[in-house]
Amino acid sequence: AVINGPFARHKAAVGQAVEEAAKTGPDLNLAGVKGKVEAMAAQTRPSFAAGTPSEGSEYLAAAGGSDRIKSALADAGIALEDTHPLPGVLHQIQNAPDTIAFEDAHKLKRALDDAVNWESPARKQLGQITKGARNELRDLMSSHAPYNEATQNYQDVARVADSRTVQQIRQ
């Protein structure tokens, strides 16, 4: 009852604090994040792949949106199921204005987090590409102290909520 009641409410409250802190952050320049996505895509794509330009930005930002990104990843040997959210998230990053609201950067970071399992080591190319972009985005956001404090508080609570002890109590 404690875990599903007061503890769950506390976790929701610290999660809401992250959302509120994201609303107060400064505008951010995404050029470095976009560059990271482009560089990682270019690094994984073989030079002999048919129809792929040598510059990642041309290929990833080309018309066709997330389908084009999925195709670029496939050319690099990274196959995704049709419903995988990552191509859409990468497409949003590529098509975002260079300067975006902090809250929008937070939404993109959450979308990247939802698209990839960060708990597993980045052994797959997909994980390496997205982890680099996600880390670049989070580093960009680290200048906003209220956001850093709120995310640290949330991580502390989430760590307990996801712990083995809590899972055993629930059983």
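**Exercise 1. Find what the side chain of Lys 34 pairs up with in this predicted model, and decide whether Lys 34 is buried or exposed.**

Step 1. Start with the partner: the side chains of Lys 34 and Asp 98 are joined by a polar contact of 3.1 Å.

Step 2. Now place the residue: Lys 34 sits in helix 2 (residues 31–44).

Step 3. Look around it. Leaving out residues up to four places away in sequence, Lys 34 touches Ile 93, Gln 94, Ala 96, Pro 97 and Asp 98.

Step 4. Lys 34 has 10% relative accessibility, so it counts as buried; the cut-off for that is under 20%.

**Exercise 2. Check whether the span of helix 6 (residues 102–115) agrees with its number of residues.**

Step 1. Helix 6 has 14 residues, and at 1.5 Å a residue they should span 20 Å.

Step 2. Compare with the model: the end C-alpha atoms of helix 6 are 20 Å apart, which agrees.

Step 3. While you're there, pick out the buried residues of helix 6, among them Phe 102, Ala 105, Leu 108 and Leu 112.

**Exercise 3. Describe the aromatic pair that Phe 102 and Tyr 147 form.**

Step 1. Count first: there is one aromatic pair.

Step 2. Phe 102 and Tyr 147 lie 5.0 Å centre to centre with 80 degrees between the planes, an edge-to-face pair.

Step 3. The pair links distant parts of the chain, since Phe 102 is in helix 6 and Tyr 147 in helix 8 (residues 145–161), 45 residues apart.

Note on methods. Residues numbered from 1 in each chain as written. Predicted model: local features only at pLDDT ≥ 70, side-chain atom pairs only at ≥ 80, totals over all residues. Heavy atoms only, no water. Helix = DSSP H or I, 4+ residues; strand = E, 2+ residues; numbered from the N terminus. Expected span 1.5 Å × (residues − 1). Buried < 20%, exposed > 50% of the residue type's maximum accessible area, 1.4 Å probe, protein only. Phe/Tyr/Trp six-rings, centres within 6.5 Å; stacked < 30°, edge-to-face > 60°. Polar contact = N/O pair within 3.5 Å; in protein donor to acceptor, adjacent residues only side chain to side chain. Contact = heavy atoms within 4.5 Å.
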